[in-house]
Amino acid sequence: MSVVTPFPQGRGGGQVGWERLEFLTIIDLYGRMVAAGHWRDYAIRMDKDVAVFAAFRRAAERPEIRIEKRPALRQRQGVYALFGEQGQVLKRGQELKNVLAPIERRLMRLVRD
């Protein structure tokens with residue numbers, strides 16, 4: 001009567017996700033861009049090999065920026081990558097704050113104007 005059926009385990013491990021400090025850094029930047037009136041929506045995707053945060057000016061458009069975390073690239077190009085609206089790589093690196101620096105500079109220009 002009380003038979004416990006184990007949940008099937010998929011092969012290949014879990015999924016890549018954002019750690020708390022990484023996510024707080026990204027959400028802090030997102031909040032400041034929303035306050036500046038530049039971004040209005042975001043999306044998060046977590047797969048087996050990549051975690052993605054995308055920020056949109058409007059919900060119906062392509063994302064203005066896309067931040068990807070790919071741990072498999074740790075020894076090569078860096079874990080984090082920043083992509084522009086057309087899919088071009090804007091910055092890669094091991095440190096999230098350094099990868100987000102181009103957006104921080106853009107935010108400073110938005111606030112100043």
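Visitor: Which residues does glutamate 22 touch, not counting residues up to four places away in sequence?
Guide: Keep in mind that this is a predicted model. Glutamate 22 sits in helix H1, residues 20-35. Leaving out residues up to four places away in sequence, its contacts are Gly17, Lys69, Tyr80 and Leu96.

Visitor: Is glutamate 22 buried or exposed?
Guide: The cut-off for buried is under 20% relative accessible area. Glutamate 22 comes in at 9% relative accessibility, so it counts as buried.

Visitor: Which side chain makes a polar contact with the side chain of glutamate 22?
Guide: Lys69 is on the contact list of glutamate 22. The two side chains have a polar contact at 3.0 Å. So for glutamate 22, which is buried at 9% relative accessibility, the polar side-chain contact is with lysine 69.

Visitor: Where does the side chain of lysine 69 reach a backbone oxygen?
Guide: Lysine 69 belongs to strand S3, residues 65-69. Its relative accessible area is 6%, so lysine 69 is buried. Among the residues it touches are Val16, Gly17, Trp18 and Tyr80. At 3.0 Å, the lysine 69 side chain reaches the backbone oxygen of glycine 17.

Visitor: In what order do the strands of the open sheet come?
Guide: In general, strands of a sheet pair through backbone hydrogen bonds, either parallel or antiparallel. Here five strands make up the open sheet, and the pairing is antiparallel. The order is S1-S2-S3-S4-S5.

Visitor: And which are the edge strands?
Guide: Look for strands that pair on one side only.

Visitor: What is the bridge partner of tyrosine 42 in S2?
Guide: S1 and strand S2 (residues 51-56) run antiparallel and are joined by six bridges. In S2, the residue bridged to tyrosine 42 is alanine 55.

Visitor: Which residue in the hairpin of S4 and S5 takes a positive phi?
Guide: Strand S4 (residues 80-83) pairs with strand S5 (residues 89-93) in the antiparallel sense, over four bridges. Phenylalanine 83 stands opposite valine 89 in S5. Five residues lie between the strands of this hairpin. The positive phi, near 95 degrees, belongs to glycine 87.

Visitor: How far apart are the closest N and O atoms in the salt bridge of arginine 32 with aspartate 28?
Guide: Side chains of opposite charge can pair when their charged atoms come close. Both arginine 32 and aspartate 28 lie in helix H1, four residues apart, which is about one turn of the helix. Arginine 32 is partly exposed at 32% relative accessibility, and aspartate 28 is partly exposed too, at 42%. Their closest N and O atoms are 3.2 Å apart.

Visitor: In the salt bridge of arginine 57 and glutamate 64, which residue counts as buried?
Guide: The side chains of these two meet at 3.0 Å, N to O. Arginine 57 has 29% relative accessibility, so it counts as partly exposed. At 8% relative accessibility, the buried one is glutamate 64.

Visitor: Which residues are linked with Arg66 in a network of salt bridges?
Guide: Start with the salt bridge of arginine 66 with glutamate 68, where the closest N and O atoms are 3.1 Å apart. Arginine 66 is partly exposed at 25% relative accessibility, whereas glutamate 68 is buried at 7%. The structure holds 10 salt bridges. The network links Arg66 with Asp49, Glu68 and Arg70.

Visitor: Which element gives the largest share of the largest nonpolar core?
Guide: That core has 20 residues, and those with the most contacts inside it are Ile67 and Ile103. Elements giving two or more residues to the core are H1, S2, S3, S4, helix H2 (96-99) and helix H3 (101-112). The largest share is four residues, and it comes from H1.

How values were computed. Residues numbered from 1 in each chain as written. Predicted model: local features only at pLDDT ≥ 70, side-chain atom pairs only at ≥ 80, totals over all residues. Heavy atoms only, no water. Pairing = 2+ DSSP bridges. Buried < 20%, exposed > 50% of the residue type's maximum accessible area, 1.4 Å probe, protein only. Polar contact = N/O pair within 3.5 Å; in protein donor to acceptor, adjacent residues only side chain to side chain. Contact = heavy atoms within 4.5 Å. Salt bridge = Lys/Arg side-chain N within 4 Å of Asp/Glu carboxyl O. Core = buried A, V, L, I, M, F, W, Y, C linked by side-chain atoms within 4.5 Å.
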